[in-house]
Amino acid sequence: MENVIENLYKIILSRKEEGEEGSYTKYLFDKGLDKILKKVGEEATEVIIAAKGDNKEEQVAEICDLTYHLLVLMAELNIPIEEVSEELNKRAKKIGNLKEERKEIEKL
């Protein structure tokens, strides 16, 4: 699966740099960070709604939509996929990493 995500990220980066007329990805980059964040939020909500149902096809589709929009966000923020991969590898090595109650968000 990692190759599929890496390949998609490369396509997203090329659309960011070179654009392609009529490309949805180019449209997102042209609209900027606020539009990309809005789409990430919408897709996250749709994943939650789909997860509450029993339609596996819809769940997979919504997870794919969220993944795509997260990759667009990463590209917008200039976060290389390798940095995320490294962080996930670090986290995979942790054992007994129970989380405490989350602190309240003070600043958005």
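## Ground rules

A residue is called buried under 20% relative accessible area, exposed over 50%, and partly exposed in between (1.4 Å probe, protein chains only). What you have here is a predicted model, where local features need pLDDT of at least 70 and side-chain atom pairs count only at pLDDT 80 or more, while totals for chains, interfaces and linings use all residues. Residues are numbered from 1 along each chain as its sequence is written, and side-chain values use heavy atoms, with hydrogens and water left out.

## The chain as a whole

Reading from the N terminus, the order is α-α-α-α-α. The C-alpha trace spans about 50 × 35 × 35 Å along its principal axes.

How much of the chain counts as buried? The figure is 22% of the 108 residues. The chain exposes about 8900 Å² (Shrake-Rupley method, 1.4 Å probe), and 53% of that comes from carbon and sulfur atoms. As for contacts (heavy atoms within 4.5 Å), take those between residues at least 6 apart in sequence: 59% of them join residues at least 24 apart.

## Helix 3 against helix 4

Start with helix 3, residues 33–52, and helix 4, residues 56–76. Their axes come within 9 Å and cross at roughly 160 degrees. Axes here are lines fitted to C-alpha atoms, for helices over the stretch in contact, and angles run from 0 to 180 degrees between N-to-C directions. Helix 3 and helix 4 are therefore roughly antiparallel (under 35 degrees is roughly parallel, over 145 roughly antiparallel, 65 to 115 roughly perpendicular, and the rest oblique). The crossing of this pair is left-handed; that word applies if the near helix is turned anticlockwise from the far one by less than a right angle, and right-handed if clockwise.

On the helix 3 side, the contact includes Leu 33, Ile 36, Leu 37, Val 40, Glu 46 and Val 47. Among the residues that helix 4 brings are Glu 62, Ile 63, Leu 66, His 69, Leu 70 and Leu 73. By class, the contact has 13 nonpolar, 2 polar and 7 charged residues. Here Ala, Val, Leu, Ile, Met, Phe, Trp, Tyr, Cys and Pro count as nonpolar, Asp, Glu, Lys and Arg as charged, and the others, Gly among them, as polar.

Helix 2 covers residues 24–31. How does helix 2 lie relative to helix 3? The two axes come within 5 Å and cross at roughly 120 degrees, and that makes helix 2 oblique to helix 3. From helix 2, Tyr 24, Tyr 27, Leu 28, Phe 29 and Lys 31 meet Leu 33, Lys 35, Ile 36 and Lys 39 of helix 3. Sorted by class, those residues come out as 6 nonpolar, no polar and 3 charged.

Helix 2 also packs with helix 4, at an angle of about 50 degrees and with the axes 11 Å apart. These two are therefore oblique to each other as well, and helix 2 passes helix 4 in a right-handed crossing. In this contact, Tyr 24, Thr 25, Leu 28 and Phe 29 of helix 2 face Tyr 68, His 69, Val 72, Ala 75 and Glu 76 of helix 4.

Asp 34 sits in helix 3 and counts as exposed because its relative accessibility is 64%. Its C-alpha is 22 Å from that of Lys 10, 24 residues away along the chain. Glu 46 is in helix 3 too, but is partly exposed, at 32% relative accessible area. Glu 46 and Asn 7 are 39 residues apart in sequence, with 24 Å between their C-alpha atoms.

Over in helix 4, you'll find Ala 61, which is partly exposed at 36%. The C-alpha atoms of Ala 61 and Ala 50 are 9.2 Å apart, with the two residues 11 apart along the chain.

Asn 78 belongs to the loop between helix 4 and helix 5, which covers 81–92. Asn 78 is exposed, at 59% relative accessibility. Most residues other than glycine have a negative phi. In Asn 78, phi is near 55 degrees, a positive value in a residue other than glycine.

Methods:
Helices (H or I, at least four residues) and strands (E, at least two) are DSSP runs, numbered from the N terminus.
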